[in-house]
Amino acid sequence: PAKRINQVMQASFFHLSNILEPEEARAQLEGAIDRMYGKKSPDIVSANKAALAAAVENLNFIEYPKSWSEAVDTEESLKVMDPSATKYTRHIDDFSSKFLKSIDARQADNLPVSAFSPGGETPIGQSGFQKRALAEEVPVWIPDLCTQCNLCSIVCPHAVIRPFLLDKKEMAEIPEAYQARKAKGGELGGLNFTIQVAPYDCTGCAVCVEMCPDDALEMKPSALSQEKFNEHW
């Protein structure tokens, strides 16, 4: 299966939005496919055009309870029922609960002037209160292939994959299934190296996997990492 869905999403968007006439939108998208893949293979062109048609044909209208449109966050849903909560999860603060949540719910016009900071400042650390567990797949480290170059942590746009060094005391306290290898480099003698991923904060962009020179990362279903590796982070 294809890793990218931009073509089918564009086909669906134009079909539902009526920004362009359906036939014109399809012609524009098919023209883009011809320009992009025409020199590669007729099969690739045909497959992409077939995906456009299939996207529109398989759109389904989903009816949801009217009560959903009036649902509000409660203290229980924000704190207790957070499936990604860990011992590091902070209680939501006033700025996020009153200000950012209003923006997320498209109710910012209802915010009073008093809700705004006079200086326009935004408290740091607000990303910790945003929606988590967005990705269907997240990277999993393969320690036996890793050369410990740390490139993955450099290219990650959200700082959710990070290298760590552990001493003997820390190694004695690691949880079950925690993976680490002897750190490379003379100055790191006696230390162990590990790569850890935050499975609930990763967006699944796979930049780390694409950039790894050693194929030491692979994308796996996020549910696996959330269950097995969240504690390690």
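Reader: What are the ground rules?
Author: Residues are numbered from 1 along each chain as its sequence is written, and side-chain values use heavy atoms, without hydrogens or water. In this predicted model, local features need pLDDT of at least 70 and side-chain atom pairs pLDDT 80 or more, while totals for chains, interfaces and linings use all residues.

Reader: Why are helix 1 and helix 2 called roughly antiparallel?
Author: The axes of helix 1 (residues 6–17) and helix 2 (residues 22–37) cross at roughly 165° and come within 10 Å. Helices here are DSSP runs (H or I, at least four residues; strands are E, at least two). Angles over 145 degrees count as roughly antiparallel (under 35 roughly parallel, 65 to 115 roughly perpendicular, the rest oblique). Helix 1 and helix 2 are therefore roughly antiparallel.

Reader: What makes the contact of helix 1 with helix 2?
Author: Helix 1 gives Gln7, Gln10, Ala11 and Phe14; helix 2 gives Ala25, Leu29 and Ile33. Contact means heavy atoms within 4.5 Å. The residues divide into five nonpolar, two polar and no charged. Ala, Leu, Ile and Phe are among the nonpolar types.

Reader: How do you know whether Phe99 is buried or exposed?
Author: Its relative accessible area is 12%. Buried means under 20%, exposed over 50%, partly exposed in between (1.4 Å probe, protein chains only). So Phe99 is buried. Phe116, at 43%, counts as partly exposed.

Reader: What makes Phe99 and Phe116 an edge-to-face pair?
Author: Their centres lie 5.0 Å apart, with 90° between the planes. Rings of Phe, Tyr and Trp (its six-membered ring) pair if their centres lie within 6.5 Å; planes over 60 degrees apart are edge-to-face, under 30 stacked, the rest tilted. Phe99 lies in helix 5 and Phe116 in the loop between helix 5 and strand 1 (137–141), so the pair ties together parts 17 residues apart in sequence.

Reader: Why is the pair of Trp141 and Phe193 edge-to-face?
Author: The centres are 6.1 Å apart and the planes stand at 65°, so the pair is edge-to-face. Trp141 is in strand 1 and Phe193 in strand 4 (residues 192–197), 52 residues apart. Both are buried.

Reader: Why is Ala177 called exposed, and Ala206 buried?
Author: Ala177 has a relative accessible area of 52%, so it is exposed. Ala206 has 16%, so it is buried. Ala177 has a positive phi of about 75°, and Ala206 one of about 70°. Ala177 sits in the loop between helix 7 (168–171) and strand 3 (181–182); Ala206 sits in the loop between strand 4 and helix 8 (207–211).

Technical notes
Axes are lines fitted to C-alpha atoms, for helices over the stretch in contact, and angles run from 0 to 180 degrees between N-to-C directions.
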